[in-house]
Amino acid sequence: MGVLKTLLFSVGFVLTIFRGLISVSLGAADVFPIYPKNEQFEVSSLVEQDTQRIGRRLQAAAKTTVFNVQGNVFPDGIYYVIAYIGNPAKEYYLDVDTGSDLTWLQCDAPCRSCAKTTHKYYKPNPRSGVSCNDPLCVAVQGPDRRRYNCQSSNQQCDYDIKYADGGSSMGFLIRDAFTVKLTNGTVIRPNSAFGCGYDQAGSLKQTQITDGVLGLSGGPSSLPSQWEREGLIKNVIGICIAGGGKKGGYMFFGDELVPTSSMSWVPLLRGPTTKYYHVGAAQMIFGSKLLAKDGDERRLGGIIFDTGSSYTYFTKQAYDALVAAVKESIGKQLVLDSSDRVLPLCWQGKKKFRSIADAKLYFKSLTFNFKSTSPYTRNAQLVIPPEGYLIISAKGNVCLGILDGTSVAPYNVIGDVSLQGYLVVHDNSNNRIGWINTDCSRLPKF
């Protein structure tokens, strides 16, 4: 769904689950006519789920669910999971994005502007709309709620989300069943809300591998947030992207598979409206060279972890310092090839590089040192080897996978390329994020 999907316009959503030992009866709902947001209509009130009641019934079965992750950093620039939605359940591919919290599908409502995708567009049930006065809708529309002009509980809940790569999706919230199997064998399927996107623009209008976005930021309307409130799982998201030239990886929701030792943890910095996985500034070192004077790390900007970003993006100060250090490391051993447009900086060797293993000897590791501000936590270190920021182009050049993010975000964004070979645990329940080096090409035992 684009190289960088860090959310520009704050939105959210609710998601789902499934059937097996547990069944959930919601009762009949009145009909919600489905219309584009600029047209006039009336809709009937929707019978709400008693999530506390559901939570009590499912608490004993609360475990973890595991997903196979498919995709790669280059050339596709996307990682996605398979979701089963509807009754009967149909298969859809969702782009994994920890930089936003709205999950949505391209939707035949009818579709006004949609990209070609792997599967047929999702067909909503007219009875499944969400009222604009629903608390979930309030969370999705956020501080910009006034422009949606919600005047009656009979109106549908519209959304309009914009991403940093220029893509956008417009639609409305609906409810349907998502089928997921837990690690204890239970299959559950309650109805939950997500976006029905009938108008995509920019990068999201281009042909896509995926059918929509799985938003996993720390907002109250993300899937894990909903599941935690319903007593299904802890709001913990583990994402493991395979390194060493391998594709795919795995993802889990819940705390059952979080390693009990050797994890590096840092606290998340969040305010009332901050949903990103923001950890503040860190000391950055390329090889043995500091990118900023010791004690002056804040000048380089704070750091965000974002799987919706294929590459890593630095602030202007951090990027300029890194490029200077990289060029000093390379010296005259490699020659800059400005004709290679795959990324802004690509270098040519004496012969074509076949793999990063052939090129990495000219580069050094990039280290982030996070200093603890609490006597109860330790300092943490994230080491990104050359494999975590280099790409081999079709021309056989080696290219820098860390880009100037000046026009994208006021933060340093650590994307997929730099998270390969790490299990990254987004622990929203305890307001922290952690990582450990591991083999992400193999599913964990459970």
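Which residues are linked with Asp160 in a network of salt bridges? Asp144, Arg147 and Lys162 are linked with Asp160 in this network. The legends below describe a predicted model, in which local features need pLDDT of at least 70, side-chain atom pairs count only at pLDDT 80 or more, and totals for chains, interfaces and linings use all residues. Residues are numbered from 1 along each chain as its sequence is written, and side-chain values use heavy atoms, with hydrogens and water left out.

**View 1. The salt bridge of Lys162 and Asp160.** A salt bridge is a side-chain nitrogen of Lys or Arg within 4 Å of a carboxyl oxygen of Asp or Glu. Side chains of opposite charge can pair when their charged atoms come close. In the bridge of Lys162 and Asp160, the closest N and O atoms are 3.4 Å apart. Asp160 is buried, with a relative accessible area of 8%, whereas Lys162 is partly exposed at 39%. Here buried means under 20% relative accessible area, exposed over 50%, and partly exposed in between (1.4 Å probe, protein chains only). A search of the whole structure finds 12 salt bridges.

**View 2. The salt bridges of Lys395 with Asp337 and of Asp427 with Arg432.** The N to O distance between Lys395 and Asp337 is 3.4 Å. Lys395 lies in the loop between strands E22 (390–392) and E23 (398–400), and Asp337 in the loop between strands E18 (335–336) and E19 (346–348), so this pair ties together parts that are 58 residues apart in sequence. Helices (H or I, at least four residues) and strands (E, at least two) are DSSP runs, numbered from the N terminus. Lys395 is partly exposed, at 39% relative accessibility, and Asp337 is buried, at 11%. In the salt bridge of Asp427 and Arg432, the N to O distance is 3.0 Å. Asp427 is buried, with a relative accessible area of 4%, while Arg432 is partly exposed at 28%.

**View 3. The disulfides of Cys111 with Cys114 and of Cys132 with Cys150.** A disulfide is a pair of cysteine sulfur atoms within 2.5 Å. The sulfur atoms of Cys111 and Cys114 are 1.7 Å apart. The torsion about their S-S bond is about 115°, so this disulfide is right-handed. Cys111 is partly exposed, at 25% relative accessible area, and Cys114 is buried, at 16%. Between Cys132 and Cys150 the sulfur atoms are 2.0 Å apart. The torsion about the S-S bond of Cys132 and Cys150 is about 65°, so the link is right-handed. This pair joins distant parts of the chain, 18 residues apart: Cys132 is in the loop between strand E4 (104–106) and helix H2 (135–141), and Cys150 in the loop between H2 and strand E5 (158–162). Cys132 is buried, with a relative accessible area of 2%, whereas Cys150 is partly exposed at 24%.

**View 4. The disulfide of Cys137 and Cys157.** The two sulfur atoms are 2.1 Å apart, and the link is right-handed, with 90° about the S-S bond. A search of the whole structure finds six disulfides. With the bonded cysteines numbered in sequence order, the pairing is 1-8, 2-3, 4-6, 5-7, 9-12, 10-11.

View 5. Five of the five residues of E20 are buried, so the strand is largely enclosed by the rest of the structure. In a regular strand the side chains alternate between the two faces of the sheet. Leu366, Phe368 and Phe370 point one way from E20, and Thr367 and Asn369 the other way. Two strands pair if DSSP finds at least two bridges between them. Phe368 stands opposite Met284, and its bridge partner in E21 is Leu382.

**View 6. The largest nonpolar core.** A nonpolar core is a set of buried Ala, Val, Leu, Ile, Met, Phe, Trp, Tyr and Cys residues joined through side-chain atoms within 4.5 Å. The largest has 93 residues, and those with the most contacts inside it are Met251, Phe305 and Phe368. Helix H4 (residues 316–330) gives the largest share of this core, eight residues.
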